[in-house]
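Colleague: I am new to this structure. Please take a close look at one part for me, the paired aromatic rings, and then lead me on to the charged side chains.

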Amino acid sequence: QITTLINHKDKPKRSDKTLQAIQRVGQAVNLAVGRFVTVGEAIANENHELKEEMSVACIEARRAGETIAQLTDVTSLDHPESDSHITIFTDKTGVVKAARLLLSSVTKVLVLADRIVIKQIITSRNKVLATMEQLEKVSSFQEFVQIFSQFGNEMVEFAHLTGDRQNDLKDEKKKARMAASRAVLEKCTMMLLTASKTCLRHPDCESARINKDGVFHRMRLALEQVIEIVTDSRPNGENEMAPISIYSGIKEFKNKVEGLRENLYFLSKENLSTMLEVILEHTEDFTDSAYTSHEHREHILELSKQAKMELEQLVSVWMQAQNQKTKDLMEDLEVAILKTCQCMNELKREVHSAATSLAADLLKYHTDHMVLKALKITGVEGNLEAVAEYTCKLSEQKEQLVEMCRLLRHVSGTEPLEITCIHAEDTFQVTGPQIISAAETLALHPSSKIAKENLEVFCEAWESQLSDMSLLLREINDVFEGRRGEKRVYLSLPRPGKHNANLKALKPVRLDTEEQAKIAKLGLELHLLTSDVDSETEKWEDQENEIVQHGQGMSSMAYSMYLFTRGEGLLKTTQDLFHQAEIFATEGTKLASALHALSDQVHDDDKPLLLLEAEKLISMCKQLQITAKASAQGKSATFTKVDACILKTRNVMTLLCQLLPLCCKLLRKNKAGNGCLKPAPPWKEDRIRTGTNARTPERRVDTFGIKSLENHVTNMTFLESK
């Protein structure tokens with residue numbers, strides 16, 4: 001809104017429509033600031049140590065909002081008596097100053113509020129750690145029951161606070177790390193309960209003590225990692241060195257190679273050679289693995305050798321092109337680029353096949369959990385020799401699964417999935433020995449119900465992780481096939497010539513500065529519409545709803561088209577834009593299908609309106625597809641086609657802005673009592689909040705095991721001290 005105000009161009013003729021639009025934007029900014037400041041002031045009143053700083057920032061923000069509203073009060077300009085009135089037209093620098101003050105003060109409020117949230121999480125973590133220390137030293141059941149009840153309540157609070165924080169994180173990598181840490185805390189809370197009970201029942205048992213110590217150690221590590229993520233810090237100032245996967249290495253390598261089309265001098269041949277060496281070193285994880293099939297090993301070695309040859313050829317042509325930029329050499333360079341990238345794609349496909357086929361085989365083989373069942377039976381029988389035999393088999397199984405996780409990490413495709421693979425590897429590494437110590441304890445005390453229950457808990461954690469691996473494998477395959485994964489994956493558009501051997505094809509063009517200026521207004525309108533659509537989708541409680549998903553996808557695509565009009569973003573050429581417009585139209589058609597499905601659920605009175613809007617959408621999307629696919633020769637015709645695509649996209653987005661609230665209203669009407677609009681939760685420090693981040697159409701974060709944990713806390717009577 002502020003950008004619109006500052007970027008507006010002064011014109012001698014000001015229509016009523018323009019004046020009303022400017023005033024409406026100014027009032028909207030002032031109202032938004034007012035609502036924001038009200039929340040900030042509430043936070044200030046609840047946190048006395050930051051009250052003064054927060055109050056000053058809120059006053060500055062409110063003052064800036066009011067100034068913007070006054071300077072945009074331009075509807076009275078037609079009246080002669082208003083000549084002395086200072087407005088945006090007479091004092092544009094005033095609006096710029098007010099906008100800067102607003103940006104500064106709003107940022108200050110956000111930073112202060114964030115400090116309070118971080119402080120809450122650290123305080124909660126400290127309480128949990130202090131109670132854990134008491135639990136470790138406890139010597140009687142009665143004392144343990146009392147302290148664990150307190151510990152359970154503190155963990156519930158910590159779960160809520162970290163769940164909210166996880167939703168608020170914008171960095172997908174941090175979000176995945178937070179999810180992994182919280183998953184550890186969820187499982188370990190129940191393990192801590194049974195491991196501590198076993199240790200209390202059998203205080204002289206060494207394996208029971210080892211089992212309990214392992215749980216406490218893992219919980220402390222997980223709590224520390226949560227604080228590292230929240231405070232964005234590492235112990236002793238260390239930098240986090242994440243291992244590079246083959247997938248990300250190939251992706252970066254290909255980007256550098258394809259960058260030679262635009263600039264022959266932006267990197268050295270040594271850089272490319274080093275990047276390839278690192279990738280090929282990582283492929284040794286596959287070729288050296290005892291679990292990689294002979295066929296996969298041979299193919300990977302063959303492709304590694306071919307990749308070196310293709311790079312040598314590319315470097316040779318590249319060096320010649322730097323000295324003599326002839327048409328033939330540039331065509332040879334294009335061929336070398338295509339061959340190198342094709343070889344890397346084949347290598348990526350081969351390591352993906354090797355990792356996923358191994359994972360599928362192992363998961364299928366271990367679904368019966370025969371080793372775990374045998375450990376439970378032999379433990380109850382007190383057969384120490386048989387338990388020792390099956391613990392060896394479990395150790396072998398653990399090594400297989402750890403190796404599987406390492407190989408899957410290389411082909412996971414996204415950083416969040418990489419982190420999930422690392423978390424799974426750690427879980428198998430730690431849980432395996434814990435199962436062994438729990439089984440040994442049961443074998444030493446075969447009649448102990450608590451030792452049996454303890455082994456059950458650790459076996460369930462192992463089985464749960466195996467089940468999670470099946471889901472993870474499916475997600476990795478989905479990313480590889482392009483069905484999901486990184487946000488706006490549909491923007492990974494083909495490069496010119498990448499899928500076409502004809503090097504003399506039409507050269508894609510970019511908009512020049514003059515063309516960008518002509519289309520800027522239309523682009524800005526599209527930008528504002530994406531904001532409106534995002535605002536509407538955020539109001540839906542069910543973020544997994546098909547209509548919301550399609551709406552969010554279309555909004556993201558429209559935003560990338562807006563960035564194109566500014567010469568920014570992932571769409572680099574007009575061909576990219578036309579391709580994006582086609583996909584946008586396809587997504588709109590899918591949305592229309594979802595609307596038809598919704599019409600079957602609504603009352604007869606509402607059905608005609610919904611069907612009419614769906615038909616409108618289908619018609620608009622068909623027109624956009626026809627425009628995007630139409631041929632255009634010459635600069636002028638291409639620009640006309642660009643303008644038409646943006647215009648038709650804007651029209652679809654305008655209709656989408658009307659459709660989303662209508663659909664939400666109809667759903668709410670049909671689900672009386674289960675409203676689909678979610679109210680904004682008020683700020684309250686001492687109130688445990690739950691929330692979701694509607695901007696990220698990811699799975700909603702559940703506060704870990706809270707219900708099961710609360711049940712255990714309230715049912716502590718079974719811990720009789722006999």
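Modeller: Start with F151. F151 counts as buried, because its relative accessibility is 0%. Keep in mind that this is a predicted model.

In the pair of F148 and F151, the ring centres are 5.6 Å apart. The planes make an angle of 50 degrees, and the pair is tilted. F144 joins in as well: ring pairs link F144, F148 and F151 into a cluster.

A pair of aromatic rings is described by two values, the distance of the centres and the angle of the planes. Take F428 and W462 with that in mind. Their ring centres lie 5.1 Å apart. Their planes stand at 70 degrees, so this pair is edge-to-face. The cut-off for that label is an angle over 60 degrees. Are F428 and W462 buried or exposed? F428 is buried, at 0% relative accessibility. W462 is buried as well, at 1%. Buried means under 20%, so both values qualify.

Now the charges. Side chains of opposite charge can pair when their charged atoms come close. How many salt bridges does the structure hold? There are 23.

One of them joins E136 to R220. The closest N and O atoms are 2.6 Å apart. This bridge links distant parts of the chain. E136 belongs to helix α4 (residues 92-137), whereas R220 belongs to helix α7 (residues 206-231). The two residues are 84 residues apart. Look at how open each end is. E136 counts as partly exposed, with 29% relative accessibility. R220 is partly exposed at 28%.

The side chains of D213 and R209 meet at 2.6 Å, N to O. D213 is partly exposed, at 29% relative accessibility. R209 is partly exposed as well, at 36%.

Next, go further along the chain. R650 forms a salt bridge with E525. The closest N and O atoms are 2.7 Å apart. This pair, too, links distant parts of the chain. R650 is in helix α20 (residues 635-670), and E525 is in helix α16 (residues 513-538). They are 125 residues apart. R650 is partly exposed, with a relative accessible area of 22%. E525 is partly exposed, with 24%.

Which residues form one network with them? E206 is joined to R209 and D213 through salt bridges that share partners.

E277, E281, E284, D285 and D288 form a patch of negative charge on the surface. Find D288 in the loop between α9 (269-287) and α10 (294-323). D288 counts as exposed, with 60% relative accessibility. Exposed means over 50%, so D288 meets that cut-off.

R62 is in helix α3, residues 51-71. R62 is partly exposed, at 29% relative accessibility. Its C-alpha atom is 9.5 Å from that of V106. Along the chain, R62 and V106 are 44 residues apart.

E258 is in helix α8, residues 246-259. Is E258 buried or exposed? E258 is buried, with a relative accessible area of 12%. The C-alpha atoms of E258 and L338 are separated by 8.4 Å. Those two residues are 80 residues apart along the chain.

Key. Residues are numbered from 1 along each chain as its sequence is written. Side-chain values use heavy atoms; hydrogens and water are left out. A salt bridge is a side-chain nitrogen of Lys or Arg within 4 Å of a carboxyl oxygen of Asp or Glu. Helices (H or I, at least four residues) and strands (E, at least two) are DSSP runs, numbered from the N terminus. Buried means under 20% relative accessible area, exposed over 50%, partly exposed in between (1.4 Å probe, protein chains only). Patches are made of residues with over 30% relative accessible area and no salt bridge: like charges are joined within 9 Å, nonpolar side chains (Val, Leu, Ile, Met, Phe, Trp, Tyr) within 5 Å. Accessible areas come from the Shrake-Rupley method with a 1.4 Å probe; for residues, only the protein chains shown count as cover. Lys and Arg count as positive and Asp and Glu as negative; His and the chain ends are not counted. The place of a charge is taken as NZ of Lys, CZ of Arg, CG of Asp or CD of Glu. Rings of Phe, Tyr and Trp (its six-membered ring) pair if their centres lie within 6.5 Å; planes under 30 degrees apart count as stacked, over 60 as edge-to-face and the rest as tilted.
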